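This briefing looks at aromatic contacts, helix packing and a few overall values for the structure shown below. Please read it with the coordinates open.

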Amino acid sequence: MDKPNNGKTITIKINGKDRPFQEKNEDKKKEAWKPKDFERNENNEETEFFASIQTAAGKEADDSFDWILPEETEDSEIKEFKVATPPKSPAKKGFSTLAQNFKRKNNQGFLTSIFLAVFFAVLLGTSFGFIMLKLVFTDQAAETVTPAVTETPAASREQAGTETAALDPLATFVVQGGVFSNNDAAKQIQEANAQKGADSHLIEIGGQTFLYLGVSDSIEHAKEMGADLKSKGIDVFAKEITFDAKSIEGLNAVEKKLLEITPSLYHTLSAGAANAAVEKSIPEGLVEDIKKQSANLNELQADQIKNQTLISIKEELENASKQMDAFQQSGDAASASKVQQHLLAFLAAYQSL
């Protein structure tokens with residue numbers, strides 16, 4: 001690299017050939033650099049720091065350098081690059097964007113608060129209205145649902161039967177211990193009577209609970225039975241009761257026969273039970289009637305009786321007849337008391353028909 005007096009020479013190599021470039025500046029002369037006087041610090045000491053920096057800068061200015069560019073070839077092409085523009089983010093739509101745009105336009109934010117308050121109030125009220133409307137429709141749908149009708153199988157209809165039994169009113173005399181509107185109170189009196197040695201039975205009639213301690217064929221026998229109970233400290237009284245007439249449908253032949261013989265058998269058994277309680281014996285003719293009617297009851301086929309209430313009626317009458325036989329043979333007062341309890345259970349089942 002040459003250094004002429006009149007300027008700097010820069011050599012550039014292009015395609016392997018030197019391309020000299022000389023910068024001339026005739027109009028502008030270089031001013032000789034003259035080092036400034038040394039500066040003195042606070043201690044009047046000369047500092048050479050700035051002088052050394054200026055001297056080094058001057059030396060670097062006199063140096064020249066070469067530029068070497070790559071050779072061009074025929075296949076070489078200058079590629080053109082385009083500055084990629086970043087993709088625009090899609091505009092977000094929604095309540096938050098709407099609120100932000102509105103807030104930018106309203107620097108004070110007062111209108112924004114009002115708008116948001118009104119908007120959310122309307123939204124909340126509309127949602128609550130839809131919920132209430134849905135509940136109303138749900139309730140109406142529940143009310144209009146028709147319950148499924150369960151058809152009775154043909155076999156069940158055949159077992160139920162097609163016979164109808166018409167029952168006359170059933171009148172009888174009883175020893176009553178009270179009538180209660182509360183079933184729990186009636187049970188408490190029943191337990192108190194049991195502790196005094198008297199059995200009793202509860203029968204519900206017309207929404208009330210009646211406490212009965214015995215049955216009889218007449219009011220006189222009922223009063224004598226009541227007097228014996230009063231001697232044990234039990235408050236009772238004798239009365240006549242009547243069960244209403246009934247018409248029972250859907251019976252087979254055996255069930256109808258049972259209901260036809262039931263009233264007569266009950267009256268015969270109640271007469272025998274009253275004599276056993278008061279007279280301590282049963283007349284011979286009454287004993288024969290009890291045996292004859294009980295035989296008619298025993299002839300009925302139990303497997304042909306499907307109605308549960310009728311099954312209970314038959315069992316209670318049979319048990320009362322058996323206890324009557326036991327009393328006839330032994331004269332045991334316990335057997336006579338058991339006859340009374342089976343007949344009271346019969347009346348409860350008869351009432352539920």
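In this predicted model, Phe 243, Tyr 266, Phe 346 and Tyr 350 form one aromatic cluster. The protein that holds this cluster has ten helices and eleven strands, and 29% of its 353 residues count as buried. Among contacts in the protein with a separation of 6 or more, 69% are between residues 24 or more positions apart.

**Aromatic pairs**

- A pair of aromatic rings is described by the distance of the centres and the angle of the planes.
- The count of aromatic pairs, taken with ring centres within 6.5 Å, comes to four.
- One of these pairs joins Phe 210 and Tyr 212, whose ring centres are 6.0 Å apart and whose planes stand at 15°, so the pair is stacked, given that planes under 30 degrees apart count as stacked.
- Phe 210 has a relative accessible area of 13% and is therefore buried, and Tyr 212, at 1% relative accessibility, counts as buried as well.
- Phe 243 and Tyr 350 also form an aromatic pair, with 6.4 Å from centre to centre and 75° between the planes, and this pair is edge-to-face.
- Because Phe 243 lies in strand S10 (residues 237–243) and Tyr 350 lies in helix H10 (residues 333–351), the pair ties together parts that are 107 residues apart in sequence.
- Both Phe 243 and Tyr 350 are buried.

**Packing of H7 with H8**

- Two packed helices are described by the angle between their axes and the distance between the axes.
- The axes of helix H7 (residues 253–278) and helix H8 (residues 284–299) come within 10 Å and cross at roughly 150°, which means that H7 is roughly antiparallel to H8, since angles over 145 degrees count as roughly antiparallel.
- The crossing of H7 and H8 is left-handed.
- On the H7 side, the residues that meet H8 are Leu 258, Ile 261, Ser 264, Leu 265, Thr 268, Leu 269, Ala 271, Gly 272 and Asn 275, while the H8 side contributes Leu 286, Asp 289, Ile 290, Gln 293, Ser 294, Asn 296 and Leu 297.
- Sorted by class, the contact of H7 with H8 has eight nonpolar, seven polar and one charged residues.

**Packing of H6 with H7**

- Helix H6 (residues 219–230) and H7 have axes that come within 10 Å and cross at roughly 40°, which makes H6 oblique to H7.
- H6 passes H7 in a left-handed crossing, and the contact is made by His 221, Glu 224 and Met 225 of H6 together with Ala 274, Asn 275, Ala 277 and Val 278 of H7.
- By class, the contact of H6 with H7 has four nonpolar, two polar and one charged residues.
- Asn 275 of H7 is listed in the contact with H8 and also in the contact with H6.

**Gln 308 in H9**

- Gln 308 has its place in helix H9 (residues 308–330), and with a relative accessible area of 58% Gln 308 is exposed, because exposed means over 50%.
- Although Gln 308 and Ala 349 are 41 residues apart in sequence, their C-alpha atoms are 9.7 Å apart in space.

Conventions. Residues numbered from 1 in each chain as written. Predicted model: local features only at pLDDT ≥ 70, side-chain atom pairs only at ≥ 80, totals over all residues. Heavy atoms only, no water. Axes fitted to C-alpha atoms, helices over the stretch in contact; angles between N-to-C directions. Helix = DSSP H or I, 4+ residues; strand = E, 2+ residues; numbered from the N terminus. Parallel < 35°, antiparallel > 145°, perpendicular 65-115°, else oblique. Left-handed = near helix turned anticlockwise from the far one by under 90°. Contact = heavy atoms within 4.5 Å. Nonpolar A, V, L, I, M, F, W, Y, C, P; charged D, E, K, R; others polar. Phe/Tyr/Trp six-rings, centres within 6.5 Å; stacked < 30°, edge-to-face > 60°. Buried < 20%, exposed > 50% of the residue type's maximum accessible area, 1.4 Å probe, protein only.
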